[in-house]
Amino acid sequence: MLYVTSSGKHRISSGKLSDALHWRGQTCQPQLDDGLADPQTVTNREGKFPVRNFVNGPPTETLLENLRNDTRYITTFTNAGWTNDVMTVANMIYLGIITSRVAVVPPFSPSHIGYGTGDFPFGDFFDLPRLRDALDHPVIEWRDIKAGNSTAHDIIGCWSAFATTEGRPRGSQLHRTLGVDVSHTRVPDNIRLPNMHVSLWGLAKLSFPEGRSEALRDTQPIPSHSYKKSMIPDETFMCFDMLYYTSVFDPFEWERDYSPVWRFVGRHLRFHPNMIKLAEGYIRKAFGLFEVEPIPKFVSIHARRGDFAWLDAVNGVRASLKAKHGVSISPQNVIVLSDESDPAWWAEVEKLGWKYIDHTKERTIERYGSLWYPPLIDAMLQAMGTGFVGTGGSTMSLVALRRTVAWNDGEGVMVPWGQENLRNDTKYITTFTDAGWTNDVMTVANMIYLGIITSRVAVVPPFSPSHIGYGTGDFPFGDFFDLPRLRDALDHPVIEWRDIKADNSTAHDIIGCWSAFATVQGSPRGSHLHGTLGVDVSHTRIPDNTQISGLHVSLWGLAKLGFPEGRSEALRGTQPIPSQSYKKSMVPDETFMCFDMLYYASAFEAWEWERDYSPAWRFVGRHLRFHPNMVKLAESYIRKAFGLLEVEPIPKFISIHARRGDFGNYCGDSPIEHCLPPLSAWLDAVNGVRASLKAKHGVSISPQNVIVLSDESDPAWWAEVEKLGWKYIDHTKERTIERYGSLWYPPLIDAMLQAMGTGFAGTGGSTMSLVALRRTVEWNDGVGVMLTTRVVGDLVYLISRLRMDGTSNTKLVFGNYR
């Protein structure tokens with residue numbers, strides 16, 4: 001293709017681009033510049049590629065009227081946090097280079113500071129004329145094409161990488177501020193890379209006729225959000241929903257030394273001279289310098305939060321600079337940039353003689369009229385030192401480190417995640433959930449018990465929505481269970497992942513964990529939480545001698561790994577399994593001890609939670625009480641079921657957990673009505689529980705004071721329940737999901753109702769019923785029964801385990817319920 005100037009002369013020929021881009025090697029070689037140049041060396045602020053050569057004229061009311069018909073363009077949208085958006089735009093520019101398209105950079109969207117702030121123009125922060133010269137490639141802005149005050153709405157067709165990897169297109173606040181209504185088309189599945197990523201060269205194919213034609217075959221555009229128009233991706237103005245998760249070869253390629261986007265685009269994204277002058281003013285003020293005094297060499301720190309693992313890192317960087325350059329940096333020449341809000345933490349910074357920018361005191365927002373300036377100034381200061389210390393897994397730190405090294409010939413180090421918010425005098429333990437909600441409760445209880453017997457702080461993960469759909473999002477453990485009460489009951493520290501790592505963190509931490517699953521099943525157990533918690537895990541098999549039977553492993557065998565001798569023995573003769581995304585091999589962390597899955601863990605024998613001596617239940621599980629807010633919510637559903645006013649007391653009742661939906665799959669060729677307990681069996685069970693309560697406590701429970709919880713979807717079955725006068729919760733009718741905004745609430749409410757009665761009847765083989773039974777007996781001094789059926793010949797064997805006084809009395813009831 002040809003880029004054509006307004007005079008009709010060829011500005012860049014396809015031959016010149018071919019020299020710059022080595023297609024087969026998937027590399028490009030634009031003009032390079034090294035080190036920090038004086039911003040005043042940019043004498044021609046238009047650079048090599050004046051914007052006017054790539055548009056029809058001044059910014060217009062609509063997008064399409066200002067696009068040249070002899071030029072092809074490429075763009076994307078930002079909405080993922082500022083540094084991620086910088087990386088997104090750099091990825092897009094690189095894609096523009098390898099497809100010979102004019103890159104149209106969007107403004108920054110204030111997703112991290114609040115949408116009321118307004119967008120920030122890309123070219124007001126980065127030096128675009130200098131970028132164009134360095135790349136030898138045209139880069140313009142959206143505001144060069146469409147007027148910022150335009151009220152026109154352009155309907156455009158774009159490609160969606162996010163719809164292919166995540167199931168739906170990625171929206172952006174920029175659609176509104178730029179005045180576009182986007183119809184998305186999924187990119188082909190074959191361009192996917194691991195961990196949400198897609199191939200940049202796979203996307204490049206879509207820019208050319210053959211690849212575009214192949215991709216549009218057998219796919220339909222998704223209607224636009226506002227006008228519901230379906231449009232295939234525009235051929236001239238090629239656009240993508242989001243390009244953060246894109247790489248040439250490996251996921252998260254910006255962290256690799258060969259990263260093509262960093263090497264050929266990112267390192268040329270220099271700050272605008274006006275912004276540099278602004279940043280230098282803040283540096284001089286921090287060091288108490290006059291405007292004419294030179295700025296000394298310094299080390300900058302980007303601390304997401306934490307304690308002073310940073311001092312050792314700073315001293316290491318200072319030593320490296322001394323060895324490499326003979327440069328001595330004063331121990332006090334350190335500028336700390338952090339989102340930490342604790343005054344005591346900042347007081348410790350001051351004690352070290354380190355400097356920091358107090359944007360509140362400096363009235364930065366008021367002075368420059370925008371919430372954008374504090375983070376932008378911080379981003380510049382992070383990259384203007386000779387040394388840098390950053391937070392592992394933070395993209396802001398990652399880019400600042402790369403800038404420090406590439407621009408300033410500096411030295412830098414990343415403090416691995418954990419070191420900045422894990423105490424160096426404390427040991428921790430954690431695991432991951434992803435096996436169904438009740439199984440996950442048991443998993444976490446096993447982990448907490450393991451924390452007790454190894455004297456480690458238990459770090460509980462959120463619940464993963466494996467049973468209700470991953471699009472739902474995780475549910476914080478401490479929003480359902482009463483953690484302060486648990487800590488008091490255990491006399492042991494229990495914290496949450498969110499206490500350590502911010503929920504909105506985009507950092508990816510590579511950690512070493514033990515894998516019980518790899519030993520008993522041959523491969524580690526993955527978890528959706530790896531993605532949502534931002535961890536990439538390298539697993540190491542636990543020793544074979546920790547296996548008890550079947551899938552179960554010994555909790556005490558795992559406890560050995562928390563101590564030096566057992567750890568040393570276990571690591572002898574074994575190698576870590578490389579992590580899924582970054583392919584890093586790491587031995588299990590000694591401070592932050594983690595396991596892939598602890599559901600199949602017992603002290604002595606398999607399925608120990610069913611036994612009366614179960615240590616995980618007795619010492620942990622029984623103390624996992626519901627959060628007061630959740631109890632109040634459950635009580636409101638009980639009152640509504642019984643037709644009670646809020647002030648009326650809740651009567652004693654019996655709850656039933658009749659698990660039928662998925663358990664019906666185990667019936668094989670037998671009809672479900674012959675395989676699962678019929679309502680007549682549940683009636684017998686309820687009457688048995690009522691009789692036991694009468695005998696044990698002298699408590700009479702009305703035959704109608706029964707609440708049925710079930711996954712049964714057959715209306716006829718529920719009609720039979722109603723005939724018995726029993727109550728149930730219709731979450732569809734109650735609009736539970738809509739009311740509380742999450743698919744989590746129906747099963748969580750049901751789990752509480754199962755455990756809040758004086759009597760309980762549950763489904764044998766269901767861990768949800770098992771735990772509800774244990775809670776009913778333990779918390780409410782209640783009575784329970786578990787029903788399960790097996791088809792043998794013409795008879796159905798109904799096995800009932802009654803709990804009268806805390807012990808298990810098993811009796812077999814032979815009956816034909818057909």
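## The open sheet

Four strands line up as an open sheet in the order β20-β19-β18-β24, with parallel pairing. At the edges sit β20 (494-496) and β24 (592-594), each pairing on one side only. Neighbouring strands here are turned by 30° against each other on average, direction ignored. Pairing takes at least two DSSP bridges between two strands, and strands (E, at least two residues) and helices (H or I, at least four) are DSSP runs, numbered from the N terminus. Angles run from 0 to 180 degrees between N-to-C directions, with axes fitted to C-alpha atoms, for helices over the stretch in contact.

Before going further, note that this is a predicted model: local features need pLDDT of at least 70, side-chain atom pairs count only at pLDDT 80 or more, and totals for chains, interfaces and linings use all residues. Residues are numbered from 1 along each chain as its sequence is written, and side-chain values use heavy atoms, leaving out hydrogens and water.

## Helices on the sheet

Zooming in, β19 (residues 457-460) and β20 run parallel and are joined by three bridges; Ala458 has Val494 in β20 as its bridge partner. Helix α18 (residues 437-453) packs on the sheet and touches β18 (428-430), β19 and β20, its direction making about 165° with that of β19. Helix α20 (residues 483-490) packs there too, touching β19 and β20, at about 155° to the direction of β20. Contact means heavy atoms within 4.5 Å.

## A crossing of two helices

Helix α2 (residues 82-99) packs against helix α17 (residues 395-408) at about 60°, with the axes 8 Å apart. That makes α2 oblique to α17 (under 35 degrees is roughly parallel, over 145 roughly antiparallel, 65 to 115 roughly perpendicular, and the rest oblique).

On the α2 side, Trp82, Thr83, Asn84, Val86 and Met87 meet Thr395, Met396, Leu398, Val399 and Arg403 of α17.

## Buried spots

Strand β9 (residues 180-186) has six of its seven residues buried, so it is largely enclosed by the rest of the structure. Buried means under 20% relative accessible area, exposed over 50%, and partly exposed in between, using a 1.4 Å probe and protein chains only. Seven bridges join β9 to β8 (residues 154-160), and the two run parallel; among the partners, Gly157 bridges to Ser183 in β9.

Ser370, in the loop between α15 (364-368) and α16 (373-383), is buried too, with a relative accessible area of 13%. Leaving aside neighbours within four places in sequence, Ser370 is in contact with Thr117 and Ile365.
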